[in-house]
Amino acid sequence: MNHEMRLHAEPFEKIQTGLKTVKFRLFDEKRKKLKIGDTILFSKRSNESEKIKVRITAIKKFARFKDMAKIYPDAKGTEIYYSTKEERACGVVAIEFKLGPSDWGKGTENLSAEIDKVLYS
């Protein structure tokens, strides 16, 4: 499955250069749909035509960002973007990913039909 998220310039550029391989978010309804192997298309908020596609390699859930920061020191400070109420209600998630080719996911839209054609023809 493909997902989309928007990023500010700094994290976008760190992902683009391979310096950032994990994103920290609330474990809200949108993030509950993420699965290992899915792709995320990140777009840069200041120029949404700039995009990066990554493949999810791990999803790790935590109760709070301070718990996450024990494993992922870069998560420290992430809590400023969310209210304590949101954090307690949803929990938080570390989404690990790897940068990949821009064509990930292309051509798979009709894969099921193609498989059926081969199997049942």
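Is T78 buried or exposed? I started here and found that T78 is buried, with a relative accessible area of 10% (buried means under 20%, exposed over 50%, partly exposed in between, with a 1.4 Å probe and protein chains only).

**Ground rules**

I noted that this is a predicted model, where local features need pLDDT of at least 70 and side-chain atom pairs count only at pLDDT 80 or more, while totals for chains, interfaces and linings use all residues. Residues are numbered from 1 along each chain as its sequence is written, and side-chain values use heavy atoms, with hydrogens and water left out.

**Entry: T78 and its surroundings**

I placed T78 in the loop between α3 and α4. Helices here are DSSP runs of H or I with at least four residues, strands are runs of E with at least two, and both are numbered from the N terminus. Leaving aside neighbours within four places in sequence, I see T78 in contact with F24 and F65 (contact means heavy atoms within 4.5 Å).

**Entry: aromatic rings**

Both of those partners sent me to the rings. I used this rule: rings of Phe, Tyr and Trp (its six-membered ring) pair if their centres lie within 6.5 Å, and planes under 30 degrees apart count as stacked, over 60 as edge-to-face and the rest as tilted. By this rule I get four aromatic pairs. The ring centres of F65 and Y82 are 5.6 Å apart with planes at 15°, so this pair is stacked. It joins distant parts of the chain, as F65 sits in helix α3 (residues 65–71) and Y82 in the loop between α3 and α4 (84–90), 17 residues apart. F65 is buried at 1% relative accessible area, whereas Y82 is partly exposed at 22%. I also noted that F24, F62 and Y72 are linked into a cluster by ring pairs.

**Entry: the largest pocket**

T78 turned up again here. I looked on a 1 Å grid over the protein atoms alone, where a pocket is an open set of points that a 1.4 Å probe fits, with protein on both sides within 12 Å along at least five of seven lines, and lining residues have an atom within 4 Å of a point. The largest pocket holds about 550 Å³ of space, and of its 19 lining residues P11, K20, K23, T78 and Y81 are the closest to its centre. The volume is the space filled by probe spheres set on the points, which are joined across faces, edges and corners. I see at least two lining residues from each of β1 (2–7), α1 (9–16) and β2 (22–26), and β2 gives the largest share, four residues.

**Entry: helix α1**

In α1, I find P11, F12 and I15 buried. Seen down the helix axis, they fall within an arc of 105°, so they line one face (the arc is that of the directions from the axis to the C-beta atoms). These buried residues pack against β1, β2, β3 (39–44), β4 (47–62) and β5 (92–99). Just after α1, G18 takes a positive phi of about 85°.

**Entry: the loop between β4 and α3**

I looked up R64 in this loop and found it partly exposed at 23%. Its C-alpha atom is 5.9 Å from that of V92, 28 residues away along the chain. Beyond four places in sequence, R64 is in contact with T84, E87, R88 and V92. A63 lies in the loop too, partly exposed at 49%, and touches E87, G91 and V92, not counting residues up to four places away.
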